[in-house]
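Please keep the sequence and the structure in view while reading.

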Amino acid sequence: MADQDQRGPESADPGRDGVAEESEADRRRRRAQFLRELNEAKALRERVKPRQARAARMRQQMRMRTFRW
């Protein structure tokens with residue numbers, strides 16, 4: 001899954017300062033793939049350790065409630 005569209009540094013086209021230019025579509029594609037895998041990992045964690053996952057959700061909700069802009 002994760003290694004389907006992996007590119008190593010040897011395939012990068014060095015631009016200025018050795019940084020490869022990346023198209024917006026490639027960046028969006030990689031971001032979408034990352035978010036899919038992240039959601040999959042969260043779902044797996046929820047199935048394997050439901051109590052810890054629930055506690056982590058509660059802590060995150062508390063952080064968001066007390067966050068100040």
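## Accessibility and the Overall Chain

A residue is called buried when its relative accessible area is under 20%, exposed when that value is over 50%, and partly exposed in between. Arg28 has a relative accessibility of 52%, and therefore counts as exposed. The model under discussion is predicted.

The protein chain contains two helices and zero strands. It has 69 residues, of which 1% count as buried. The accessible surface of the protein chain amounts to about 6900 Å², and carbon and sulfur atoms account for 53% of that area.

Side chains of opposite charge can pair when their charged atoms come close. In this model, the count of salt bridges comes to four.

Glu24 takes part in a salt bridge with Arg27, in which the closest N and O atoms are 3.0 Å apart. Both residues belong to helix H1, where Glu24 and Arg27 are three residues apart, or about one turn of the helix. The side chain of Glu24 also meets that of Arg28 in a salt bridge, with an N to O distance of 3.8 Å. Glu24 and Arg28 are four residues apart in helix H1, which is again about one turn.

How exposed are the residues involved? Glu24 has a relative accessible area of 41%, so this residue is partly exposed. Arg27, with a relative accessible area of 37%, is likewise partly exposed. Arg28, at 52%, counts as exposed.

## The Pair Arg29 and Asp26

Another salt bridge is formed by the side chains of Arg29 and Asp26, at 2.7 Å from N to O. What separation along helix H1 do Arg29 and Asp26 have? Because Arg29 and Asp26 are three residues apart in helix H1, about one helical turn separates them. Salt bridges that share partners, in turn, join Glu24, Arg27 and Arg28 into one network.

The relative accessibility of Arg29 is 46%, so Arg29 counts as partly exposed. Asp26 has a relative accessibility of 22% and therefore also counts as partly exposed. The cut-off for a buried residue is under 20%.

## A Nonpolar Patch

The surface also carries a nonpolar patch, formed by Phe34, Leu35 and Leu38. Together, these residues have about 250 Å² of accessible area.

Leu38 is located in helix H1. Is Leu38 buried or partly exposed? Its relative accessibility is 32%, so Leu38 counts as partly exposed.

## The Second Largest Pocket

Rolling a probe the size of a water molecule over the atoms shows where empty space is left. The second largest pocket in this model has a volume of about 170 Å³.

Which residues line the second largest pocket? The lining consists of Lys42, Arg45, Glu46, Ala53, Ala56 and Arg57. Helix H1, covering residues 24-48, and helix H2, covering residues 50-66, each contribute at least two residues to this lining. Sorted by class, the lining has four charged residues, two nonpolar residues and no polar residues.

Definitions and conventions:
Residues are numbered from 1 along each chain as its sequence is written. This is a predicted model: local features need pLDDT of at least 70, side-chain atom pairs count only at pLDDT 80 or more; totals for chains, interfaces and linings use all residues. Side-chain values use heavy atoms; hydrogens and water are left out. On a 1 Å grid over the protein atoms alone, a cavity is a set of points where a 1.4 Å probe fits but cannot get out, and a pocket is an open set with protein on both sides within 12 Å along at least five of seven lines; lining residues have an atom within 4 Å of a point. Grid points are joined across faces, edges and corners, and a volume is the space filled by probe spheres set on the points. Ala, Val, Leu, Ile, Met, Phe, Trp, Tyr, Cys and Pro count as nonpolar, Asp, Glu, Lys and Arg as charged, and the others, Gly among them, as polar. Patches are made of residues with over 30% relative accessible area and no salt bridge: like charges are joined within 9 Å, nonpolar side chains (Val, Leu, Ile, Met, Phe, Trp, Tyr) within 5 Å. Accessible areas come from the Shrake-Rupley method with a 1.4 Å probe; for residues, only the protein chains shown count as cover. Buried means under 20% relative accessible area, exposed over 50%, partly exposed in between (1.4 Å probe, protein chains only).
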